[in-house]
Amino acid sequence: MKPTRNSRRRWVTRRDFMATATVGIAGAGVSQLAAANQGRNETATQALCCDAPVVRNVDVLVCGGGPSGCAAALYAARAGAKTMLLENLPFLGGVWTAVGVSHLIAGRGRDGLNAEIHQRLPVHQVFGRNIYLIEDMKSLLDDLMAEAGVETQLHTRAVAVAKDGARVRGVFTFSKSGFEFIPTRAVIDATGDGDIAAAAGCQFEMGRAFDGKTQPVTLFGTIGGYRGEPAKGQPLVEILAKGGWRPSYPPITLFPQPGQPGVFQLMATQFYGVDGTDARALSQAEIQGRREIRKCVEIFKEHGGDDWRDAFLIGTGPAIGVRETRRIRGRYYLTWEDLDRGAQFEDGITEISSGSNIHPVDDPYEAPPAGLPAGPRFRVRPYQIPFRCLVAADVDNLLMAGRCISGDCYALGSYRLTGNVVRTGEAAGLAAAMAIEQGIQPAELNGNDLVERLNATRARTAE
């Protein structure tokens, strides 16, 4: 579904944004990464010109090593494509590892990578969710990439792209090695935030249609010395109330780390109105998150009784969890109406039955702003994501995987769950490899052929 001229939906492009630097090489046709969102006040610019040596030449370049990026890299490499995976953190896993969401959401009972993880990783049931040890997940992802022949490069951020017309020729990166350039035949944007698509000039949306507000961000903490059972909600809130503290995330939860007695992931923060593509906003949220988590642990220790008397804070982060930023315009736009009718597609790359998990956009402790339009009333029936949602509308060899695929904010609330983004990554990776096999652009790939091969590949990995 494409927006009409009379639609209230407004697609945003790079031209609506300001850029603070340009990385260039002769004849590169450089498209720069948008560095500031609409409405920011910075107007001064400073040009940056430098040489970027060509360090690799690959078939498929996957940018972002979270759940969707790992799935994309695996499926591209297993299909025979020379594949490279870039991640700016020092380990893979994204929300699974860096953020601390140590449970597999919407992944149970599925084939493909979800099944592989359940088979190879010790997983325990808590609160009806599959809980794993974060360090185990880091090691498993390293092993999977090595086994598939994926070249993994950590400590590296993609910062710009070089284009020829509607095709990306390669990606500029920055790391401790300086600026470098990686030519590639297909790019998969698995950054979560759609950073590469934005750099390539793709149109995108952010947040609610009427005001652009996005779901809140969350910083986790890791605690040790707790003697009690996994807990959530009111019992924890009541302890904090004794110390005069109100958590910014009322359904506060303790998730255990299997095999580590007394070690739990503490989910106790939510920050509203934070633009996850703004480094300054993220910095403030990280700082505030650390303050709040430390305060929670202090109060638990003082007022929580025997279970908490030996509790201590092991650490926070190392990265704040962002639920929603850019949604890149693809060749189909998935909407809440599609979820409500249980839409099926000839190029449906996965079926999803999870509901729309949208955290409150407005602070629940404050009165909601007056005059807000009511959101749609719908229920999620099992629906499919078409391959076209993964294909950038503006670039023929750019695919998206994860929460930045093409859809409205209500559909995002469903497909952003980690078990679901893995499925989009599998499809994007295999599609890129198939397009290279056939000597075509990913946008030209037959969706039916992809679905048939994708289903067969997933079934084999579940055996």
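Predicted model: local features only at pLDDT ≥ 70, side-chain atom pairs only at ≥ 80, totals over all residues.
In strand β10, valine 187 is the bridge partner of leucine 61. Strands, as I use the word, are DSSP runs of E with at least two residues, and helices are runs of H or I with at least four residues, each numbered from the N terminus. Two strands pair if DSSP finds at least two bridges between them.

Residues are numbered from 1 along each chain as its sequence is written, and side-chain values use heavy atoms, with hydrogens and water left out.

Let us stay with β10. Strand β9, residues 167–175, pairs with β10 in the antiparallel sense over 6 bridges. The two form a hairpin with 2 residues between them. Within this pairing, proline 183 of β10 has glycine 170 opposite. Strand β19, residues 398–400, also pairs with β10, in the parallel sense and over 3 bridges. There, methionine 400 of β19 stands opposite aspartate 189. In general terms, strands of a sheet pair through backbone hydrogen bonds, either parallel or antiparallel.

How many residues of β10 are buried? The number is 10 of the 12 in residues 178–189, so the strand is largely enclosed by the rest of the structure. Buried here means under 20% relative accessible area, exposed means over 50%, and partly exposed lies in between, with a 1.4 Å probe and protein chains only.

Strand β13, residues 253–256, is covered on both faces: Thr253 and Phe255 are buried on one side, Leu254 and Pro256 on the other. It is joined to strand β14, residues 264–267, by 4 bridges, and the two run antiparallel. Phenylalanine 255 has glutamine 265 of β14 as its bridge partner.

A further sheet is open and has 3 strands in the order β4-β6-β5, with antiparallel pairing. Its edge strands are β4 (103–104) and β5 (124–126), each pairing on one side only. Between β5 and strand β6, residues 129–131, there are 3 bridges, and valine 126 stands opposite arginine 129 in β6.

I now turn to helix α10, residues 447–461. Its 15 residues reach 21 Å from the first C-alpha to the last, close to the 21 Å expected at 1.5 Å a residue; the expected span is 1.5 Å times one less than the number of residues. Which residues of α10 are buried? They are Gly447, Leu450, Val451, Leu454, Thr457, Arg458 and Thr461. These cover an arc of only 135° around the axis, which puts them on the same side of α10; the arc is that of the directions from the helix axis to the C-beta atoms. On the other side of α10, Glu452 and Arg460 are exposed. The buried residues pack against α1 (67–78), α2 (113–120), β17 (348–352) and α9 (418–438).

One residue of α1 also deserves mention, namely arginine 78. With 36% relative accessibility, arginine 78 counts as partly exposed. Leaving aside neighbours within four places in sequence, arginine 78 is in contact, meaning heavy atoms within 4.5 Å, with Glu116, Leu144, Ala148 and Thr461. Arginine 78 and alanine 433 are 355 residues apart in sequence, yet 8.9 Å apart in space, C-alpha to C-alpha.

Finally, the aromatic rings. The structure holds 8 aromatic pairs. Rings of Phe, Tyr and Trp (its six-membered ring) pair if their centres lie within 6.5 Å; planes under 30 degrees apart count as stacked, over 60 as edge-to-face and the rest as tilted. One of the pairs, phenylalanine 174 with phenylalanine 179, is tilted, at 4.7 Å centre to centre and 50° between the planes. Phenylalanine 174 is partly exposed, at 41% relative accessibility. Another pair, tyrosine 332 with phenylalanine 345, is edge-to-face, at 5.1 Å centre to centre and 70° between the planes. Tyrosine 332 lies in the loop between β16 (326–328) and α7 (336–341), and phenylalanine 345 in the loop between α7 and β17, so the pair ties together parts that are 13 residues apart in sequence. Tyrosine 332 is buried at 12% relative accessibility, and phenylalanine 345 is buried with a relative accessible area of 13%. Elsewhere, Tyr226, Phe264, Phe300 and Trp308 form one aromatic cluster.
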